[in-house]
Amino acid sequence: MPLSKIAGIGMYVPEKVVTNNDLKKWMDTDDNWIQERTGIQERRFAKRTEETTTTMAVEAAKIAIERAGITAQDIDFIVFATLSPDYYFPGCGVLVQRAMNMKEVGALDIRNQCSGFLYAISVADQFIKTGMYKNILVIGAEKHSMGLDFSTRGRNVSVIFGDGAGAVVLQPTEKNNQGILSTHLHSDGASAEILAQYNPGSHANHWVETPVADFDEAEIGEMFMSHQMIDNAQLFPFMDGPTVFKKAIVKFPEVIVEALTKNGYTTEDLNILIPHQANLRISQFVQQKLKLRDDQVYNNIMRYGNTTAASVPIALCEAWQNGKIKEGDLVCLAAFGSGFTWASALLKW
Ligand code: UT7
């Protein structure tokens with residue numbers, strides 16, 4: 001059975017840089033607090049009326065496709081991971097198919113937030129291994145700047161996130177011991193509401209701690225979307241940051257070691273770990289726990305913030321562009337986030 005390899009990789013981040021001090025225009029926060037707690041110095045925000053999750057994804061995809069030495073017409077499947085799609089439905093996959101004039105290929109959207117890109121890679125990997133597809137475009141992209149509460153009320157969430165996109169083309173590899181060696185996917189839905197955007201949704205208040213109150217039975221749509229939700233900031237994401245942090249620093253090392261062990265490696269064999277850029281403190285904790293050297297971990301959250309599904313492919317692309325990944329290197333990708341879901345992939349570059 002052939003393994004799949006990353007044949008081309010690309011990234012796109014919007015031009016507009018938003019520093020921590022820029023955020024003070026909208027909320028009571030400060031540069032020291034953000035840097036100390038998260039390591040973030042700045043992030044990018046998309047052009048409000050011109051750029052979308054899909055347009056950014058297309059820019060990253062064009063680069064990945066060109067670097068793979070193929071054209072958009074050669075793509076035979078699309079897997080798109082995002083939590084900030086252009087539309088509630090349909091997903092961004094079909095919008096990429098349209099924007100890039102692709103053939104009438106399958107387009108699948110993945111809703112696994114911070115682990116989304118790893119879930120997407122894993123799905124694509126199975127299709128390559130079975131021989132079903134030969135050129136799969138896998139994308140992680142987010143436009144967070146459109147859907148966060150930038151008032152002081154939402155500052156624990158909004159200062160963390162940034163916009164951007166990353167894409168890879170997966171192809172079968174002819175070489176022995178090259179490509180994706182294994183992927184590992186996990187979830188624990190017991191904590192689904194710890195990091196979530198409840199509305200709009202069909203939850204009917206069943207699991208929500210702050211229910212949508214006083215909806216009018218006659219106005220059936222009100223429970224889905226109402227003025228009251230806007231007034232009460234119930235259309236923004238909720239995050240219990242400290243609880244997420246505590247779980248992340250356990251599950252990240254666990255899933256990284258799982259991938260290494262499965263393939264007979266140890267942390268000493270690892271050339272580079274590309275962790276989801278959730279918080280620099282989480283990455284540092286993981287590094288310490290696994291006793292990894294600085295050159296074994298790549299972080300760029302300082303410049304882009306947390307770009308959720310886009311963070312792993314953006315960091316992977318940057319690390320490769322900066323010459324930190326060479327042919328034959330052992331590379332581990334890992335992520336943890338909302339769901340909770342967490343995942344890893346081990347690759348021989
Ligand atoms: O990729 C998605 C997965 N998400 C994560 O991995 C996030 C994991 N969690 C975290 O990264 C951290 O929990 C945060 C960075 C989100 C928050 O850091 P924390 O050290 O856990 O802070 P906290 O939420 O416990 O808040 C501490 C204080 C509070 O004030 P009081 O109640 O102690 O007076 C907050 O109101 O910091 C305050 N605060 C802020 N102050 C200035 C919260 N946000 C801000 C802010 N600026 N932006």
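Reader: Hi! What should I know before I start on this model?

Author: Welcome! It is a predicted model, where local features need pLDDT of at least 70, side-chain atom pairs count only at pLDDT 80 or more, and totals for chains, interfaces and linings use all residues. Residues are numbered from 1 along each chain as its sequence is written, and side-chain values use heavy atoms, with hydrogens and water left out.

Reader: Thanks. Which domains does the protein have?

Author: The assignment gives domain 1 (3–173), domain 2 (179–193 + 238–348) and domain 3 (198–231). Such bounds come from an automatic or database domain assignment. The centres of domain 2 and domain 3, taken over C-alpha atoms, are 36 Å apart.

Reader: Now the ligand. Which residues are the closest to it?

Author: Thr29, Arg37, Cys114, Asn279 and Asn306 are the closest of the 20 residues that surround the ligand. A residue is counted as near if one of its heavy atoms lies within 4 Å of the molecule.

Reader: And which helix gives the most to that shell?

Author: That is H8, with 4 residues. Helix H2 (31–38), helix H6 (155–158) and helix H8 (241–262) each supply at least two residues of the shell. Helices here are DSSP runs (H or I, at least four residues), and strands are runs of E with at least two, numbered from the N terminus.

Reader: How far is the side chain of Arg37 from an oxygen atom of the ligand?

Author: An N or O atom of the Arg37 side chain is 2.6 Å from a ligand oxygen. For Asn279 the corresponding distance is 2.7 Å, and for a polar side-chain atom of Arg155 it is 3.1 Å. On its own the ligand has 950 Å² of accessible area, and the protein covers 71% of that. Accessible areas come from the Shrake-Rupley method with a 1.4 Å probe; for residues, only the protein chains shown count as cover.

Reader: What does Arg155 form with Asp28?

Author: A salt bridge, with the closest N and O atoms 3.9 Å apart. The term means a side-chain nitrogen of Lys or Arg within 4 Å of a carboxyl oxygen of Asp or Glu. This pair links distant parts of the chain, 127 residues apart: Arg155 is in helix H6, and Asp28 is in the loop between helix H1 (20–23) and H2.

Reader: How many salt bridges does the structure hold?

Author: There are 10. Another one joins Lys129 and Asp125 (3.1 Å, N to O). Both residues lie in helix H5 (residues 116–129), 4 residues apart, which is about one turn of the helix.

Reader: Is Lys129 buried or exposed?

Author: Lys129 is buried, with a relative accessible area of 16%, and Asp125 is buried too, at 0%. Buried means under 20% relative accessible area, exposed over 50%, and partly exposed in between (1.4 Å probe, protein chains only). Arg155, at 38%, is partly exposed.

Reader: New topic: why is H11 said to be largely enclosed by the rest of the structure?

Author: Because 9 of the 11 residues of H11 are buried. One of them is Ser311, with a relative accessible area of 2%. The side chains of Ser311 and His276 are joined by a polar contact of 2.6 Å. A polar contact is a pair of N or O atoms within 3.5 Å; within protein, one must be able to donate a hydrogen and the other to accept it, and residues adjacent in sequence count only if both atoms are side-chain atoms.

Reader: And what follows H11?

Author: Gly323, whose phi is positive, near 75 degrees.
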